[in-house]
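Here is a short briefing on one model. Please keep the sequence and the 3D view open while reading.

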Amino acid sequence: MPAGVMIPTRNMPSMIGVNGNVGGSGSSSGLALGQGNMMEGQFHHLDMAHNTFEGDMTRIRDEEFDSTNTKSGSENQEGGSGDEQDPRPKKKRYHRHTQHQIQEMEAFFKECPHPDDKQRKELSRELGLEPLQIKFWFQNKRTQMKTQHERHENTQLRNENEKLRADNMRYREALSNASCPNCGGPTAIGEMSFDEHHLRLENTRLREEIDRISAIAARYVGKPVLNYPVISPPMPPRPVDLGVGNFGGQPGLGGEIYEAGDLLRSISAPTEADKPMIIELAVAAMEELIRMAQMDEPLWMNSLDGIESVLNEDEYTRIFPHGLGPKPAGFKCEASRESAVVIMNHINLVEYLMDVNQWSTLFSGIVSRALTLEVLSTGVAGNYNGALQVMTAEFQLPTPLVPTRESYYVRYCKQHADGTWAVVDVSLDNIRPSPAPRCRRRPSGCLIQEMPNGYSKVTWVENVEVDDRGVHNLYKQLVSSGHAFGAKRWIATLDRQCERLASAMATNIPAGDAGVITNQEGRKSMMKLAERMAISFCAGVSASTAHTWTTLSGTGADDVRVMTRKSVDDPGRPPGIVLSAATSFWLPVPPKRVFDFLRDENTRNEWDILSNGGVVQEMAHIANGRDTGNCVSLIRVNSANSSQSNMLILQESCTDQTASFVIYAPVDIVAMNVVLNGGDPDYVALLPSGVCYFSRRNRSTWSRHG
C-alpha cells in the first residue's frame, strides 16, 4: 500500500524478557482497553543486566518497585545488598529524594525527558545522587507519564465504545419495530425513514473512528483492537459544520441537486479488486499535481497576451509519460493554472473541499450535482490528511447550450512536510462502466498554503481531456479558451465565496447606512435564503442530464428553450408545474456596464416584467464582498395600481473576473419578516429568475432564465 495512505508507525519498546525470550502480544487478548502498559518500567533494568551482581539486581528491582508506586517516582533505596550466605535477605531501608532533588529533576525532565550519560553525570554531581539513580528516576518518570496518557486515552475510548453500543441497541430496536408508512405492515430491510437512515450513517462513522483510534492505540500499548459488528456498509462522513456557509442539502434542493441522472445511476462504488489500483493512481496523481503547480517553463508557457499560462503538451507528455493512457479520438485538452490569496483558514478550506455537500455548495455555479460513492480512507490524526474518496460529479456552465461534464474520479487529500495541503482529483475511467465518458480529469486540484491572519494562498490546476463537439457556437470560444471550466473560474469563484462567508460571519456591522441589516441572525437567514435561490437558479438553467430542454423557435442564436418540472411536496418551491425558459445571446458591451445596468433599481422597469411599471425601491441590503456590486438586496415594488398589493423581491448580485450573476425571486412579505428576524429560511417558497453572463474581451455572453 502506498505510504501516502498509511498510518505511520512509531518505534516500539523492546519486548525481550528477562530470560531472553521474545515477548508477543498474542497472549494479551484478555486485556481490556482500560489497562495500563508498564512495559518500559518492567524491562528498563536490563540495560545493566550483564554488568551487575545478583545483589545489585535485587536492589535495582526494589528501587523500581518503590519508585513506580510513588507520586513522582522519586523514592530511592539505600543500604546493603542481599547476603548470598543468608537465605533471608536483610531488610532494606528506603528514603525519599529530597524536595529539592525532585524539583530539579522535574524541571530538567520538562526540558529533556531522555538525558544522555553526560547529562546524568552532571545532574548526579549537582544533586548528590548516583548516575544510576538519576537514570532510573527518569525511566520511571517516563513510564508514569506514559501510563497517565494511556489511561486518559483509554477512558475516552471506553466512553466512545459505550456510546456506540447504545446506538447499536437503539438502531436494532428501531429496525425491529419499523413499519411501512403506507400499509402499516412490517417493512423490508432497507425501507427505513430518513431519520433512521441518518442514524445508521452516523453509527457507521463512529464505528470507523473507534476502529481507527483503537488500531493506533494497539500499536503503542500492545492492546487488542475491539471489533464491533457492521450494521451498514461504509458511507461518507457527515458534513463538517463550519457555521455560516454550510447550507448544502436544504429541503428545497435535495431533489434537484442530488437527483441521479443517467450517468450517476450507472456508476456504483468500486469493487475490492479495484481499490489497490485506485490508491496507486491517487498517489501518482498527487505527485503530478505538486510538480505541475510548482514548475514553470518549459512545462508552462506564457500566452500571446502574456496574461495566462499555457500548458506545453509535448513537455507534459515527456515529463508524465504514463498519465491516463492515449487520449480518446475527438477529445481536446484544456489545461490552466491560477493562484490567489483568499480570506479563509487553510484547515477550513480543506474541510470544505473534502465534504461533498459543502464543496458543491461553495462552487454551485460550476458543480450542478455531486455524490461521494465510497470513502476509502477518512484520514489520520483527526483531520483529512490521507483521505481518499471515490466521487462522481457533474460540472456545468449555467446555460442549456453547453453540455455538462460528468466525471467519475477519486479525490485524495494530503498534508506535506512543509505544512502545505494538496487536494487532487483524477478520473477512474478505466474501471468505469458504460456509457463512454465525454470528459476525463487528468490530475487536477489545488495546493493550499497557510498565510497570516487567517488567509490562504491557493494554487489551482485544471487539466482535462474533453469532447466539446456538443457546445453551441455561441460558447465555443469561451469553452475552448478555458474560461468556462478552467482554473481561473475556480479561483475567482472561490475568492468571491470566501468573501461572502466572511461577510456572513461578521459581527461589527456599522448601522450608519440606511437599509443595512445589522441583526446577526437576520443576516444569516437572509444570506442562507439567497444562497438557496442562487443554487436553484444555476442548477435549473444548466444542460444537466437530469433536464430535458425543448427549443421553441427557429435555428437562430437567440432560440428560446423551455423545460417543465413537477414540484410536489417541496417546501422550498410552490407546488404545481414549474415552467423554465432560457435564452442566450452576445452583447458588444463591457461587462461592468451590463452589471451596473441590471443592478440599478431606476432602470429595472426597462427589462424586468416583475416591476410592472411600478416604483422600485431597495429596502435592505447586505454587502458580501470587496466589489460594491456583490450584495444581497430586498427590493420593494410599489405598484402604480392601488388595487394591486405591493411585492417584495429578493435579489443577489455578484461579479468576479470570469462571470457575473443577477438572480432574483418574488417573496412573500410575511415570510420575509420571519427571515429578517432570524427565522428558518428553508421553507420560504422560491421560483428564481435571473441573468448570468461571462466576460470575454469586453463582450458578454448572456444567459437569461425565468
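Contact here means heavy atoms within 4.5 Å. By that test, and leaving aside neighbours within four places in sequence, Asp 495 is in contact with Val 341, Val 342 and Arg 626. The model is predicted. The points below cover a helix face, a surface patch, backbone geometry, contacts across the sequence and cysteines.

- Asp 495 sits in helix H14, which spans residues 487-504.
- Its relative accessibility is 16%, so Asp 495 counts as buried; the cut-off for buried is under 20%.
- Val 341, one of the contacts of Asp 495, also belongs to a nonpolar surface patch.

- The patch is formed by Val 341, Ile 343, Met 451 and Tyr 455.
- Together these residues have about 290 Å² of accessible area.
- Met 451 is in the loop between strand S11 (444-450) and strand S12 (456-466).
- Met 451 has a relative accessible area of 30% and is therefore partly exposed.
- Asn 453 lies in the loop between S11 and S12 as well.
- With a relative accessible area of 73%, Asn 453 is exposed.

**Backbone geometry**
- Most residues other than glycine have a negative phi, and most peptide bonds are trans.
- Asn 453 is not a glycine, yet has a positive phi of about 60°.
- The peptide bond running from Glu 297 to Pro 298 is cis, and its omega is near 5°.
- Pro 298 is found in the loop between helix H9 (275-294) and strand S3 (300-302).

**Helix H16**
- Which residues of helix H16 (591-599) are buried? They are Pro 591, Val 594, Phe 595 and Leu 598.
- Seen down the axis of H16, the buried residues fall within an arc of 95°, so they line one face of the helix.
- The general rule behind such a pattern: an α-helix has 3.6 residues a turn, so residues three or four places apart point the same way.
- Lys 592 and Arg 593 are exposed on the other side of H16.

- Pro 328 occupies the loop between helix H10 (313-319) and strand S5 (332-342).
- Pro 328 is partly exposed, because its relative accessibility is 26%.
- Pro 328 and Arg 438 are 110 residues apart in sequence, but 9.2 Å apart in space, C-alpha to C-alpha.
- Beyond neighbours within four places in sequence, Pro 328 is in contact with Arg 440 and Glu 465.
- Met 619 is part of strand S16, residues 615-623.
- Met 619 counts as partly exposed, because its relative accessibility is 34%.
- Met 619 and Leu 648 are 29 residues apart along the chain, and 9.1 Å separates their C-alpha atoms.

**Cysteines**
- How many disulfides does the structure hold? The count is zero.
- A disulfide needs the two sulfur atoms within 2.5 Å.
- Cys 631 is buried, because its relative accessibility is 6%.
- Cys 112 counts as buried too, with a relative accessibility of 19%.

Technical notes. Residues are numbered from 1 along each chain as its sequence is written. This is a predicted model: local features need pLDDT of at least 70, side-chain atom pairs count only at pLDDT 80 or more; totals for chains, interfaces and linings use all residues. Side-chain values use heavy atoms; hydrogens and water are left out. Buried means under 20% relative accessible area, exposed over 50%, partly exposed in between (1.4 Å probe, protein chains only). Helices (H or I, at least four residues) and strands (E, at least two) are DSSP runs, numbered from the N terminus. The arc is that of the directions from the helix axis to the C-beta atoms. Patches are made of residues with over 30% relative accessible area and no salt bridge: like charges are joined within 9 Å, nonpolar side chains (Val, Leu, Ile, Met, Phe, Trp, Tyr) within 5 Å. Accessible areas come from the Shrake-Rupley method with a 1.4 Å probe; for residues, only the protein chains shown count as cover. A salt bridge is a side-chain nitrogen of Lys or Arg within 4 Å of a carboxyl oxygen of Asp or Glu.
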